[in-house]
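This briefing concerns the structure shown below.

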Amino acid sequence: MKIGNIDLGNRPLFLAPMEDITGPPFRVICKEMGADLCFSEFISSDGLIRDSWKSRQKLYVLNEEHPVAIQIFGNNVESVVKSAHIALESNPDIIDLNFGCPVNKVVNKGAGAALLNDLPKMKEIATAVIKSVDIPVTAKTRLGWNHDRINIDEVALMLQDCGISAITIHGRTRSMLYSGSADWAPIARVKNNPAISIPVIGNGDVNSPEIAEYNFNNYGVDAIMIGRAAIGNPWIFYHIKTYLKNKKIIEMPSVNERASVCLKHLEGEVKWKGEKRGIFEMRKHYSGYFKGLPYGKTFRNILVQIDNLEKLREILQLVIKKDTLLC
Ligand SMILES: Cc1cc2nc3c(=O)[nH]c(=O)nc-3n(C[C@H](O)[C@H](O)[C@H](O)COP(=O)(O)O)c2cc1C
């Protein structure tokens, strides 16, 4: 499967963009575990133009991440184009346009999923960005605004006509937010439309090797994007890849390995965002890293209360050395 000239192999797996989750340290770890392409969290085009420090920081890309996609969102055509140019300074391989974010703070400004209700504006934004950058531009969206207004078939054709290089479809509507189950049938309908030639990336509720295989086989998507199931479990990419290759189910890694990767992740977050914010944001990952272990929850509850890097290091290193501690 290719996005522009970027060859991503057969049945590739992508790490979904997730706000405050998919920063460079986590993307590198997911890449090492087999993710073929990782997406940055969404970055506000208005924030980038205002030169907001927080938005600029999100643009950071590490050398070992490539290929990597930077996702931007906005409602104003000129701002989104300008911000795409600012994003290019980080040397991403792909610019991804967010046309699917359901949260009020975004849709109330006419951005994200709100553009599913304003296709002329979506078209204008996509066309203008594609025209002004010389790397592939992709789009991520949902099935439609709500159950009665599912327009993904029209949206996909329109974006393809604009020159979008690939489309990611999350199988929910905006009004579902994250409730219910992702519906992959409309994703398959887009993929199987003879008029669609761009790669179609399926997204929503893939959290096991068996589901990934089922979705590749039954919905025919070119790639699968994984979000929540990767939080605290970057091994999911390796586990799915192995299963797709030889049907082998791999157990979750040892406590020792989990703590080692968790510590590496923590160090990366702190290096990137500073001690206070790095430690704070890392708290979202602990329950995933130690899930299923007899003392995993207790350990997570201890870790989230510590706001000192040295102390966290000490505890994680103790678990790395004595991995029976959590069993
Ligand atoms: C914490 C969190 C943050 C998210 N942030 C973004 C984002 O910045 N951009 C985006 O396109 N989608 C975002 N999403 C949506 C995911 O990319 C993905 O579409 C959704 O979680 C469904 O996939 P999953 O079932 O594999 O998690 C976010 C989801 C979560 C849970």
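A salt bridge is counted when a side-chain nitrogen of Lys or Arg lies within 4 Å of a carboxyl oxygen of Asp or Glu. By this rule, two salt bridges are found across the interface of domain 1 and domain 2. The model is predicted: local features need pLDDT of at least 70, side-chain atom pairs count only at pLDDT 80 or more, and totals for chains, interfaces and linings use all residues. Residues are numbered from 1 along each chain as its sequence is written, and side-chain values use heavy atoms, with hydrogens and water left out.

**Domains and their interface**

- The chain is divided into domain 1 (2-246) and domain 2 (255-326), with bounds that come from an automatic or database domain assignment.
- The centres of domain 1 and domain 2, taken over C-alpha atoms, are separated by 29 Å.
- The contact (heavy atoms within 4.5 Å) takes 19 residues from domain 1 and 15 residues from domain 2.
- Domain 1 and domain 2 bury about 1,500 Å² between them, 61% of it on carbon and sulfur atoms; buried area is the accessible area (1.4 Å probe) that two parts lose on being put together, summed over both.

**Salt bridges**

- The count of salt bridges comes to 18.
- Lysine 264 forms a salt bridge with glutamate 32, with 2.7 Å between the closest N and O atoms.
- Lysine 191 and aspartate 222 meet through their side chains in a salt bridge (2.9 Å, N to O).
- This pair links distant parts of the chain, 31 residues apart: lysine 191 is in helix 8 (residues 185-192), and aspartate 222 is in the loop between helix 9 (209-219) and strand 10 (223-226). Helices (H or I, at least four residues) and strands (E, at least two) are DSSP runs, numbered from the N terminus.
- A further salt bridge joins the side chains of lysine 247 and glutamate 213 (3.1 Å, N to O). Lysine 247 lies in the loop between helix 10 and helix 11 and glutamate 213 in helix 9, so the pair ties together parts that are 34 residues apart in sequence.
- Glutamate 314 forms a salt bridge with lysine 311, the closest N and O atoms being 3.9 Å apart. Both residues lie in helix 15 (residues 309-321), three residues apart, about one turn of the helix.
- Salt bridges that share partners join Asp51, Arg56 and Glu89 into one network.

**Aromatic rings**

- The structure holds seven aromatic pairs. Rings of Phe, Tyr and Trp (its six-membered ring) pair if their centres lie within 6.5 Å; planes under 30 degrees apart count as stacked, over 60 as edge-to-face and the rest as tilted.
- The ring centres of tyrosine 289 and phenylalanine 290 are 6.5 Å apart and the planes stand at 55°, so this pair is tilted.
- For phenylalanine 290 and phenylalanine 299 the ring centres are 4.9 Å apart and the planes stand at 85°, so this pair is edge-to-face.
- Trp235, Tyr289, Phe290 and Phe299 form one aromatic cluster.
- Phenylalanine 290 is buried at a relative accessible area of 1%, and phenylalanine 299 is buried at 5%. Buried means under 20% relative accessible area, exposed over 50%, and partly exposed in between (1.4 Å probe, protein chains only).

**Helix 1**

- Helix 1 (residues 24-32) is mostly covered, with seven of its nine residues buried.
- The cover over these buried residues includes strand 4 (37-44), helix 10 (236-246) and helix 11.
- Glycine 34, whose phi is positive, near 115°, follows helix 1.
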